[in-house]
Amino acid sequence: MRILLVEDDAGTAAEIARGLTGAGHLVNHVADGRAGLMEAIGGGHDVLVVDRMLPGLDGLGLVRALRGAGIATPVLMLTARAGLGDRVEGLDSGADDYLAKPFAFAELLARVHALGRRPALNAEPSLLRVADLEMDLLRRSVTRAGQRIDLQPREFRLLEVLLRQAGRVVTRNMLLEQVWDIHFDPRTSVVETHISRLRAKLGEPSLIHTLRGAGYVARPPDGA
Amino acid sequence: MGHDVMPGEKPARWWATTGFRITLLHLVLTLLGTVLLAGIGFWASSRFAGQQIQAEIERDAGVLLNAGRLGGAASIALSIEARIAADRSGTQYFLLSGPDGGRIAGNLSTAPRSAGWATMGLDAATQDSVLLALGTPLPAGHFLLVGRDLAPVRELEAQLLGAAGWVGGAALLLALGGGLVVGRSVVRRAAEMERALAEVEQGRLGTRLLARPGGDEFDRLARRVNATLDRLEGTMAALRQVTDDIAHDLRTPLTRLRQRLEALEGPEAEAAVAECDRILEIFAALLRIAQIESGARRAAFSHVDLNAVMETVAELYASAAAERGQVLETALAPGVTMQGDRDLLTQMLANLVENAIRHGREGGRVSLALRPGPEIIVADDGPGIPDAEKSLVFRRFHRLDAARSTQGAGLGLALVAAVAELHGLAVTLEDASATSPPGLRVRLKA
């Protein structure tokens with residue numbers, strides 16, 4: 001993917017750029033808000049990673065201007081602020097996802113990947129599938145090899161999030177946010193517990209894989 | 001008045017307002033003044049009328065006695081008859097009695113033969129009039145009584161009373177009206193100020209009171225309050241700037257440090273990353289508490305389904321409780337909602353439950369209850385908190401010496417206190433039971 005990184009702190013930018021390049025992406029870095037906006041309007045990027053506090057034009061202003069110009073490129077906003085309302089404010093400005101510093105690089109990478117392949121809104125699928133597992137979002141049913149599986153609402157939502165990102169890593173924090181609507185880390189094994197319960201219900205061979213230190217990924221069994 | 005007031009404070013009752021008190025005072029003073037004035041008028045007029053009548057009686061008696069000296073009793077009798085005939089008002093009474101007490105002349109049938117002033121009923125039958133009479137013994141056993149009906153005096157008194165009533169009533173109405181006008185303007189100004197300050201309390205620091213140039217003491221007070229608010233707003237802005245700067249200046253290098261550590265391998269590096277996260281967490285919690293206490297978050301309040309929040313928190317911590325062999329009991333109340341910040345309320349409850357699990361007895365129970373009100377109760381069966389320390393635990397960085405210092409920087413409960421206050425929830429700490437260990441029950445009540 002082509003990623004535009006707008007970050008004024010040279011050290012942080014270098015680390016992020018190195019990581020993203022290492023993951024096989026093309027990174028275009030600018031350190032200034034106005035320059036970032038010009039680059040973004042120039043187009044050709046799959047994802048924008050924008051720091052919230054920038055010289056020239058801050059992250060919120062940049063995203064607002066971008067959305068105002070009708071450009072829908074997904075934006076991941078980074079922030080050094082611990083502010084409580086900042087996440088809401090960031091999303092209100094038109095950013096698609098929000099990540100507070102400090103973050104594990106795996107977290108950033110997972111979120112960039114999730115944004116990069118986000119389907120257009122009107123192309124929302126009603127059927128999600130991995131190997132022989134099918135989830136019908138309209139009928140709210142799950143089947144594996146034709147066998148119906150009963151899931152609790154929370155388990156259903158958990159599986160839905162994983163299947164929407166099938167093949168891509170979903171971090172623990174992303175699950176807490178999207179499944180539980182929790183924006184802090186409860187430091188309990190709630191995610192692990194639900195994942196293992198879900199795995200047990202879905203049966204063998206497992207379709208939900210744990211990537212240590214990164215998160216979870218839904219994909220066909222290895223070798224399949 | 002439909003504006004917000006401080007949590008827990010009721011709007012002033014009408015009888016407790018300055019306006020009402022001013023009106024009442026005005027009314028009482030006016031009433032006292034009117035009564036005093038009317039009383040003096042009444043007393044003076046009534047006395048004057050009485051003296052007038054007395055003087056007339058003395059004059060009449062003098063003339064009759066003169067006639068008696070010149071022409072004897074017959075002359076008095078003649079003079080009496082003439083006077084009675086000439087009296088159109090019918091208020092003059094006379095009696096000339098002989099030595100045997102029988103009437104010689106006059107329009108009174110009988111009368112006591114006592115010398116000097118007396119008042120008497122006019123007639124045993126009618127009894128409606130009272131006479132003021134002057135009795136004078138005459139030579140040869142005759143007796144002269146000259147009297148006047150006091151009815152005109154009584155009538156004057158009645159009229160005076162009536163007039164005083166009217167004047168007093170009118171004065172009362174005027175006082176009431178005046179008091180209301182003055183009182184209402186005081187109440188209105190005070191209410192305006194209260195409304196504006198309530199806005200400020202809600203976190204809208206830009207609100208200012210109305211202050212007319214020149215103006216009265218209210219305007220002067222308003223200007224002083226506005227100057228204070230300017231100062232407060234400036235301080236808050238500076239504080240926000242400082243926290244932003246700290247956040248930016250410290251978090252950015254820490255982030256870089258964390259990234260570098262992450263790139264390293266081995267358990268030492270992992271421990272260093274965890275330590276780094278811990279620093280950042282404490283730091284974030286401090287900034288968050290400061291931000292909550294500034295009240296700015298109230299602008300983002302919405303309708304929160306407390307029951308759903310409780311359910312989520314119970315779910316988040318079920319596994320943590322299970323790890324300590326504890327039962328996490330929940331008594332929910334579907335449909336209980338409140339105005340608030342969902343993220344903060346969730347975090348507050350999470351902190352309380354985490355605390356209860358951490359300090360509760362291993363293999364014991366932690367209970368979580370919601371009641372309409374809303375009232376939230378989180379209880380554990382751990383060592384509890386000594387009464388002397390109950391008020392201290394919500395302080396930033398406070399940690400109990402013994403049992404409750406297993407881990408954490410002591411910010412968990414400080415955050416609880418800040419969030420509770422933001423939402424107008426009163427926090428109370430109690431022993432959960434009378435047995436030992438007492439356990440701890442935290443009660444949050446709107």
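Modeller: Happy to. The residue opposite Ala331(B) is Ala369(B) in E9(B). Before going further, please note that this is a predicted model, with local features needing pLDDT of at least 70, side-chain atom pairs pLDDT 80 or more, and totals for chains, interfaces and linings using all residues. Residues are numbered from 1 along each chain as written, chains are lettered from A and ligands numbered from 1 in written order, and side-chain values use heavy atoms, without hydrogens or water.

The Ala331(B) position belongs to the pairing of strand E7 (residues 327-331) with strand E9 (residues 365-371) of chain B. These two strands run parallel and are joined by five bridges. (Strands are DSSP runs of E with at least two residues, helices runs of H or I with at least four, both numbered from the N terminus; pairing needs at least two DSSP bridges.)

Stepping back to the whole sheet, chain B has five strands here, in the order E7-E9-E10-E12-E11. The sheet is open, and its pairing is mixed. At the edges are E7 of chain B and strand E11 (426-431) of chain B, each of which pairs on one side only. From one strand to the next, the twist averages 10°. (Angles run from 0 to 180 degrees between N-to-C directions of lines fitted to C-alpha atoms, for helices over the stretch in contact.)

E11(B) pairs with strand E12 (residues 440-445) of chain B through six bridges, in the antiparallel sense. Val427(B) is a handy landmark there: its bridge partner in E12(B) is Leu444(B).

Helix H5 (residues 306-323) of chain B touches E7, E9 and E10 of chain B, where contact means heavy atoms within 4.5 Å. The direction of H5(B) makes about 175° with that of E9(B). Helix H6 (residues 342-359) of chain B lies across E7, E9, E10 and E12 of chain B. H6(B) runs at about 20° to E10(B).

Back to E9(B), this time looking at its other partner. Strand E10 (residues 375-380) of chain B is antiparallel to E9(B), and five bridges join the two. Along this pairing you will find Ser367(B) opposite Ala379(B) in E10(B). If you are wondering about side chains, those in a regular strand alternate between the two faces of the sheet. E9(B) and E10(B) form a hairpin with three residues between the strands. Gly373(B) in this hairpin has a positive phi, near 150°.

For a contrast, you could turn to chain A, where four strands make an open sheet in the order E6-E7-E8-E9, with antiparallel pairing. The edge strands of that sheet are E6 (127-130) and E9 (147-149) of chain A. Its neighbouring strands are turned by 25° against each other on average, direction ignored. In chain A, E6 and strand E7 (residues 133-136) pair over four bridges, and Leu128(A) stands opposite Met135(A) in E7(A). Helix H6 (residues 153-164) of chain A lies across E6, E7 and strand E8 (141-144) of chain A, at about 110° to E7(A).
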